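Subject: Structure for your review

Dear colleague,

I am passing on the structure below, together with some notes on what turned up when I went through it. Please read the notes with the structure open beside them.

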Amino acid sequence: MILRSLLDFARRENLLDDPDFDGRGKVDFVLRIGRAGEFLSLEPVERGRHRVVPRQDPHNNGLSPLFMVDNARYVLGVGPESRAGRNALCADAFLGRVREVAAATGDEGARAVVLFLESHRDKVLGRRKASEWTGSEVLAFCYSPDETLLVHERTLVRDYWRVHHQAPAEGEPAACLVTGQVCVPVRLHGGIPLGGSSARLVSFNSDSFLSHGLGKGEIAPISREAAEGYAAALCHMLGPSEDGKRPHRQGLRIGETVLVFWTRDAHPIEDVLSLMLNPTSEVAAEMQDALYRRGREPQALDVTPFYGMLLSGNQARVIVRDWIELTAATVLSNLRRYFRDLHLGDGDEQPVALGTLLGALGAERGKPVYARTAAKIVQAALCGHPLPRQLLWDAAYQFWTAAQPKKTSLSDLRAREQMQCRIIKAVLARLPNPTEIPLSLDTNRSDLPYLLGRLFAVLENQQRAAAGPSLNASIRDRFNAAPKTPARVFPELLKLSWSHDSKARRGDLERSKAEILAGITEFPRRLSLEQQGTFMIGYYQQRQKLYEKRAEPATQAEPPKETE
Amino acid sequence: MNPQESRLFRVRASGPLACFTRPEFKVERVSYEVMTPSAARGILEAVLWKPAIDWYVREITVLKPIRWASFRRNEVKSRLNPSRTRPYCADDDRTQRHTVALRDVDYVITASFCMTEAAGPSDSIPKFEEMFERRLSKGQHFGSPFLGCREFAAQVEPAPDEVAPDESLLVDRPIGMMLHDFDYGSRTPKPQFFEARLRNGILQVPAWRGGRR
């Protein structure tokens with residue numbers, strides 16, 4: 001279904017009208033030249049305006065001049081050079097190609113371009129200095145007697161390209177495995193801009209990948225239309241978005257991989273993944289409506305197929321890392337469930353940005369663990385799978401044990417802690433044996449790890465009340481093993497709490513302590529990772545409650561009694 | 001029904017992992033969503049095959065929901081020529097390749113066999129029917145049956161009557177073109193494809209139009 005759905009997408013978006021020319025090409029500058037090839041003007045093309053360009057593969061790593069429309073490095077020989085002399089080589093290669101075209105067609109526009117490239121290239125630099133070119137701006141030529149027609153759109157040049165673009169079909173006809181039509185299969189597929197240079201999705205670039213004695217075109221017979229179709233679809237999805245804000249139109253870049261997604265028919269959900277990356281943008285605000293308001297549940301009848309593919313580039317091959325095929329309704333409800341699982345506290349449910357989530361886990365952009373974890377989270381969110389258990393460990397470690405990064409303000413710290421608890425809650429809720437975590441403190445809950453966490457928070461507060469502001473090390477620092485081995489830690493903590501209480505004399509804390517202790521029957525020797533997660537959430541929620549109480553005027557604390 | 005055709009057998013094949021590789025994604029493997037008729041034939045032939053019979057798969061029923069698993073493996077990069085005399089060390093020849101496979105699969109294959117020209121005078125349909133039933137119930141096979149790739153071993157047993165597809169599969173789901181089997185009639189084998197649809201968890205396999213061996 002993978003290639004067939006890509007081909008359907010290309011047809012739907014009208015990317016395939018002309019197999020040789022792409023009507024939605026991007027051109028940055030038009031070079032207007034005169035009859036003798038003299039330079040007339042350099043016209044920038046406004047952003048978002050499409051021009052017709054010849055369909056061709058993106059550049060590969062060697063010298064690969066394109067046909068009549070190419071980037072500044074090949075056309076003008078400008079741009080930062082990776083190796084000395086590379087610009088000159090590229091410029092010569094492009095000139096050579098245009099010379100062939102001019103010789104073969106005899107078209108005056110093409111000949112003018114040759115004359116320009118031979119002698120008048122430097123005039124352009126007078127208009128725009130060499131240092132301003134990045135080398136990757138796309139340039140096209142316009143022969144001045146034509147008003148707006150670009151040189152490659154002129155009749156003779158266009159026909160030349162049509163002939164040359166279609167390599168002669170060799171081989172026996174076979175049924176295409178995408179469309180079913182009988183035709184001569186194509187041997188080399190179109191390139192896709194992934195992994196730096198042009199990579200191929202379907203390729204057998206070594207003989208050891210062939211079998212049964214079949215050749216490259218025979219082992220997976222695909223018609224030319226299907227091959228161009230899926231390549232055009234992927235190039236369209238991976239191309240920069242119209243407004244230039246996102247690097248891919250319909251793709252989410254996660255480290256080295258890209259998640260491309262589309263629906264069979266045009267559907268507003270195609271923008272939904274922006275909710276995960278950037279929930280504060282306007283697009284995400286619209287999607288939030290779709291998620292939360294448009295009917296309480298997503299329409300059960302919304303069976304529009306939703307496809308997603310996780311791609312990465314590797315050695316001139318494109319690797320499919322995962323394939324997601326769901327309905328739009330399923331995706332919406334999975335996303336709602338994902339955000340609901342991550343919700344903690346009393347406020348409204350808000351979508352959580354992926355970057356914030358990963359930042360709370362200590363995974364910054366650029367570290368390799370960021371990409372792997374992010375990809376797993378996105379997949380789990382979309383498909384409704386359990387979140388990886390590693391997240392539970394990471395979040396618990398960051399919350400309880402890890403030193404907080406330096407120069408974190410208190411509010412940032414609190415936000416991070418809340419995010420870590422949210423992650424714990426989400427992982428626990430999605431386990432095969434889920435543990436339901438309340439959104440805020442639940443005093444009736446009799447779950448033992450939860451009660452132990454609450455107890456720890458109360459004891460910590462007692463210590464703080466007793467010692468005052470000059471506390472160097474709290475029990476959280478000294479008795480860090482409380483979630484892991486309660487039986488060894490809590491008896492001593494309770495003994496200490498008597499001394500704290502006799503100094504602090506906080507009756508409300510004593511009452512909370514007694515209330516919680518009433519529900520504890522024993523101190524278990526060890527707690528599993530999931531139970532430790534529950535412990536930490538109990539601790540967090542009880543601590544929040546105690547902060548709230550302290551924020552109110554301290555009318556409930558009894559006045560300190562005289563020591564006897 | 002062809003008088004030379006046996007009755008329908010129902011065979012259950014299951015396993016923790018399966019990869020029915022798509023021909024276009026042979027290098028970095030991606031599996032089809034459902035078992036291919038070619039893989040089903042492979043399982044049947046692992047239980048019983050003689051030159052006198054030819055297996056034809058009629059239906060494949062999917063019992064468990066379709067779930068995916070992705071992982072990377074270090075695989076050997078080049079193909080070994082049998083006439084090679086120099087020593088070959090596989091450890092120096094490895095590359096990493098990615099696989100997108102299926103998890104926790106369970107299928108019921110409905111198939112029958114036909115006699116071929118190689119059938120001798122003492123070969124008859126009931127003879128092979130009984131042979132197959134015996135071997136299937138005892139768990140005998142010529143080679144380990146596998147689900148698409150050799151390393152994903154299959155557990156093969158007779159299918160009980162009461163098994164049915166999981167509820168989530170009771171929809172009409174198109175799968176696109178799927179590999180039917182190879183036509184070994186001519187000098188090089190030719191892959192044949194058919195339009196596949198999963199209806200209520202059942203994949204109907206069209207009649208085989210092509211030569212065999």
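How many bridges join strand 12 of chain A to strand 13 of chain A, and in which sense do the two strands run? Before the answer, please keep in mind that this is a predicted model. Strand 12 (residues 257-263) and strand 13 (residues 305-314) of chain A run antiparallel and are joined by 6 bridges, and within this pairing Val260(A) has Met309(A) in strand 13 of chain A as its bridge partner. Helix 1 of chain A packs on the sheet to which these strands belong, where it touches strand 12, strand 13 and strand 14 of chain A, and its direction makes about 65° with that of strand 12 of chain A. Helix 8 (residues 224-238) of chain A also packs on the sheet, touching strand 11, strand 12 and strand 13 of chain A, with a direction at about 110° to that of strand 12 of chain A.

The sheet as a whole is open and is formed by 4 strands of chain A in the order 11-12-13-14, with antiparallel pairing. Because strand 11 (251-254) and strand 14 of chain A stand at its edges with a single partner strand each, one side of each is left without a neighbour in the sheet. Direction ignored, neighbouring strands of this sheet are turned by 20° against each other on average.

Chain A has another open sheet of 4 strands, in which the order is 3-2-6-5 and the pairing is mixed. Here the edges are taken by strand 3 (39-44) and strand 5 (70-71) of chain A, each of which has a single partner strand, so one side of each is left without a neighbour in the sheet. Strand 2 (residues 29-33) of chain A pairs with strand 3 of chain A in the antiparallel sense over 5 bridges, and Val30(A) stands opposite Glu43(A) in strand 3 of chain A. Helix 4 (residues 108-119) of chain A packs on this sheet and touches strand 2, strand 3 and strand 6 (138-143) of chain A, its direction making about 120° with that of strand 6 of chain A.

Turning to the interface, 35 residues of chain A are in contact with 32 residues of chain B. The area buried between chain A and chain B is about 2800 Å², and carbon and sulfur atoms give 59% of that area. On the side of chain A, the residues that lose the most area to chain B are Met1(A), Leu177(A) and Arg321(A), which together account for 20% of what that side buries.

Between chain A and chain B the rule finds 9 residue pairs in polar contact. Helix 1 (2-12), helix 7 (216-219) and strand 14 (317-327) of chain A each supply at least two residues of the side that touches chain B, and the largest share, 7 residues, comes from strand 14 of chain A. By class, this side of chain A has 20 nonpolar, 7 polar and 8 charged residues.

How many salt bridges does the rule find across the interface of chain A and chain B? The count there is 3, while over all chains it comes to 37. Among the salt bridges is one between Glu195(B) and Arg4(A), whose closest N and O atoms are 3.1 Å apart; this pair crosses between chains, from strand 8 (residues 190-199) of chain B to helix 1 of chain A. The side chains of Arg173(B) and Glu325(A) also meet in a salt bridge, at 3.5 Å from N to O.

With best regards

Conventions:
Residues are numbered from 1 along each chain as its sequence is written. Chains are lettered from A and ligands numbered from 1 in the order in which they are written. This is a predicted model: local features need pLDDT of at least 70, side-chain atom pairs count only at pLDDT 80 or more; totals for chains, interfaces and linings use all residues. Side-chain values use heavy atoms; hydrogens and water are left out. Two strands pair if DSSP finds at least two bridges between them. Contact means heavy atoms within 4.5 Å. Axes are lines fitted to C-alpha atoms, for helices over the stretch in contact, and angles run from 0 to 180 degrees between N-to-C directions. Buried area is the accessible area (1.4 Å probe) that two parts lose on being put together, summed over both. A salt bridge is a side-chain nitrogen of Lys or Arg within 4 Å of a carboxyl oxygen of Asp or Glu. A polar contact is a pair of N or O atoms within 3.5 Å; within protein, one must be able to donate a hydrogen and the other to accept it, and residues adjacent in sequence count only if both atoms are side-chain atoms. Ala, Val, Leu, Ile, Met, Phe, Trp, Tyr, Cys and Pro count as nonpolar, Asp, Glu, Lys and Arg as charged, and the others, Gly among them, as polar.
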